[in-house]
Amino acid sequence: MGFLSSIFNRKPKERFSKPDLDSAPHVKIDFSGIQIEFLDAPHNAHFPIHDKPRDLDIYDEYGHDFICDENYRYRKIYVTGCDFVDRLQKEHAGGLIIESTLVDYGSHYCKETNTHSLCNRLNFFTPNDLFDWILDDCHNMWGKQNGASKIGDLGDGTYVYPISSDELSITLHNGCPCVKAYIDYVGMAPEFVYFFPISKRHLIVLEMKCEAYIFYDFYDPTLPLEAYSYEVMERFMKDFKITLSDRSKKELAAARPSIMDEVVE
Amino acid sequence: MKFIQQCLRKLGMVSLVQPPAEDHAPELYEILLFRTKLQLALPKLTLPPWEEWGSIGGPNKDWRPYVNTKGKPHYTRVDELGFYGMGFYGCGWQLPVEDGEPAAALRLFLSAYTPTDDDRPKYSNMMDETVSLSWLQNYYSNRLKKPISLSRTTEGHMEILSEETSGGGEIACAEESVSIETSLVNGHTVHHVMLDANHAHYWVPFSKVDLLYLEFRITGDGLWTPVTSRTALKEADRIMHAILPTLSLTYPENEQLSHQKVIK
C-alpha cells in the first residue's frame, strides 16, 4: 500500500533539475592548521574537474601544482559545476560554477635561481593591503577585458566590478573575516566573489559564476535560473566555514591596523 | 446554463438574462523590458498575427512575457542609423474605408533601441529629454538621407532593405529633418514624429541607454500603397490616440535587490 501510494502521490518533476546540496558530502581540508569545511557540491557540468580538495602545507615553498606569477603564486583548490538541466529540452540550461583558489603572496620567484623566497611586502590582515590586492585582482580579471587602463577605471566594457575601496567592506562569514564582491555583466549572468584572508600572506578566493547557456536567459522570469543559482549559492555558503590556525590567529591579532576593526554587520 | 437562459428569454424575462459580452474590450498588452514592465491597452485586434503579413517585416516572434533589454543578446546592430535594436511585438487593425476605396490597415510595431557603443559617450543619458531629442534628430537625419526600411531576415533579425531590394517599400521623404513633438504621457517623456500621413512614430526613453519605439504604419492593399482614405486615416488616428494614454512603464524598485540579498 505504501509502495502504491508512493507511486500515485509522487510529485510531478520540475522542468529544471537542480543539485541537491543537502545530501552532498561534507568535506574538511587542512591547510597547515587552517580548517576549511564545505559541501562537495555535485558536479554535472560538461567540463572535467582536475582540482580535488586535499590537505596542503601552504608554507611549503617548493609545493607542486602552484602557478607562479611574478609577485605571487596560486593554485586552484576546488572546482565544481552544478548545472540545471532542462528536462523538457534534454539539455543543460545554466548552472553555477564554484571555483576556489589559494593565493600565496609571500613567495617570490627568482627566475635566475629557479627558487622561491619569502617576501613580506603584504599583510592581508590589514585593510589597505587586502583592499589594494582585491582591487588589483578585479582590474586584472574584468578591468582589462573592459579596456580599463588602470585600477579605478571601469573602462568601456560590459563588466561592472569594484573600482574603489569605498565599494568594499569586511564582514564575518561563519566567524571568518571576508570581503564580498559582486560582478555585474550588464543583463547577463553575474559573478560573486568572496575573498578570505587566511594568513597574512594567503588568501582564499571563492568565485561563484552564474551561467546561462545558449537559448536560455539568466534573468528570464519564466525560467528558474536566477532563483536556482542564488538558492544553490546560499546553500553552499551556509556550510562554507574557515577556521584559522593558531599561527594565523596570532598574525591577525598582531596586525595594525587590523581588518577586524573594519568589520561591519 | 444556456438552457436556463433560453427558457428565460422564451418566458420574456429578458432583463434577467445577461446580454452577451461585448467583444471589443481592450486587450492588456504586457511585457517585461528586463525589469521594467511595459503595459498598453490595445483595442481588439482585427488583423491576423503579423507573422502572416508577409514581407512587411517586424519581429521574429512575440517575445512576451520578457525581453532582455539590458544584456541585449538579440539586438541587431544597424550602423548606418547609429543604433542597436530589436522588434518584440506587432499587431494591427483593419480600417474602415468608403465604398470603392482600397482596403487599409493600421499596424503597430514595438521595438527597443539603444545607441551604438561609439555613440554612448555622446548620448550618455536618454532619460534626459534634450539628449534623447538630439539622438532622434541624428537618427532621422541618417534615415532620411538614404531611404531605407527595416525588414526581417529568415533568421529573424532585422535588416535594412536598400531601394533596389525592398520593392519600393522604403519610406521616401523629401524632407531632410523631421519635426519632433515632446509630451508627457502618464509621467513618461514621449517624443512624437509624424513622418508622413501614413507613418507615426512614438519614442519613449525608459533607461539611460534604452528607448521604446512604437511605430504605427497605415498600409493599403499590397502593404506599401499609400492610404489617402479620410475615413481610414480618421479611424487610425482614433486608435492611436486610444492607445497612447494607456502607456505605462513600471520601473523596478531596486534592480539589484535579488543579488544584494545573496551577497548580504
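This note goes through the predicted model of chains A and B point by point.

1. Basis of the note. The model is predicted, and local features need pLDDT of at least 70 while side-chain atom pairs count only at pLDDT 80 or more, with totals for chains, interfaces and linings using all residues. Residues are numbered from 1 along each chain as its sequence is written, and chains are lettered from A and ligands numbered from 1 in the order in which they are written.

2. Chain totals. The secondary structure of chain A comes to four helices and twelve strands, and that of chain B to four helices and 13 strands; helices (H or I, at least four residues) and strands (E, at least two) are DSSP runs, numbered from the N terminus. Buried residues make up 38% of the 265 residues in chain A and 31% of the 264 residues in chain B. Here a residue is buried if 20 or more other C-beta atoms lie within 10 Å of its own, exposed if 12 or fewer, and partly exposed in between, with C-beta atoms placed from the backbone.

3. Contacts along the sequence. Two residues are in contact if their C-beta atoms, placed from the backbone, lie within 7 Å. In chain A, 58% of the contacts with a separation of 6 or more are between residues 24 or more positions apart; in chain B, among contacts between residues at least 6 apart in sequence, 62% join residues at least 24 apart.

4. The contact between the chains. Chain B contributes 13 residues and chain A contributes 17 residues to the contact. On the side of chain B that touches chain A, helix α4 (residues 257-263) of chain B gives the most, with four residues. That side divides into six nonpolar, four polar and three charged residues, where Ala, Val, Leu, Ile, Met, Phe, Trp, Tyr, Cys and Pro count as nonpolar, Asp, Glu, Lys and Arg as charged, and the others, Gly among them, as polar.

5. The largest nonpolar core. This core has 111 residues, and those with the most contacts inside it are A:Ile134, A:Phe195, A:Phe196 and A:Phe236; strand β6 (residues 104-115) of chain B gives the most to this core, with eight residues. A nonpolar core is a set of buried Ala, Val, Leu, Ile, Met, Phe, Trp, Tyr and Cys residues joined through C-beta atoms within 7 Å. Leaving aside neighbours within four places in sequence, A:Ile134 is in contact with A:Leu168, A:Val179, A:Ala181 and A:Phe195.

6. Strand β1 (residues 26-31) and strand β2 (residues 34-39) of chain A run antiparallel and are joined by six bridges; two strands pair if DSSP finds at least two bridges between them. They form a hairpin with two residues between them, and A:Ser32 in the turn has a positive phi of about 50 degrees. A:Gln35 in β2(A) is the bridge partner of A:Asp30, and the bridge partner of A:Gln35 in β12(A) is A:Thr243. Three bridges join β2(A) to the antiparallel strand β12 (residues 241-243) of chain A.

7. Helix α4 of chain A. In helix α4 (residues 246-254) of chain A, the buried residues are A:Ser248, A:Glu251 and A:Leu252. These cover an arc of only 100 degrees around the axis, which puts them on the same side of α4(A); the arc is that of the directions from the helix axis to the C-beta atoms. The buried residues of α4(A) pack against β2 of chain A, while A:Asp246, A:Lys250, A:Ala253 and A:Ala254 are exposed on the other side.

8. A:Glu211 lies in strand β11 (residues 202-212) of chain A and counts as buried because it has 22 C-beta neighbours inside 10 Å. Leaving aside neighbours within four places in sequence, A:Glu211 is in contact with A:Gly94, A:Gly95, A:Leu96, A:Ile97 and A:Ala189.

9. Strands β10, β11 and β12 of chain B. Strand β11 (residues 199-205) of chain B is mostly covered, with five of its seven residues buried. Five bridges join strand β10 (residues 188-196) of chain B to β11(B) in antiparallel fashion, and seven bridges join β11(B) to β12(B), also antiparallel. A hairpin joins β11(B) to β12(B) through five residues, and B:Trp203 stands opposite B:Tyr213 in β12(B).
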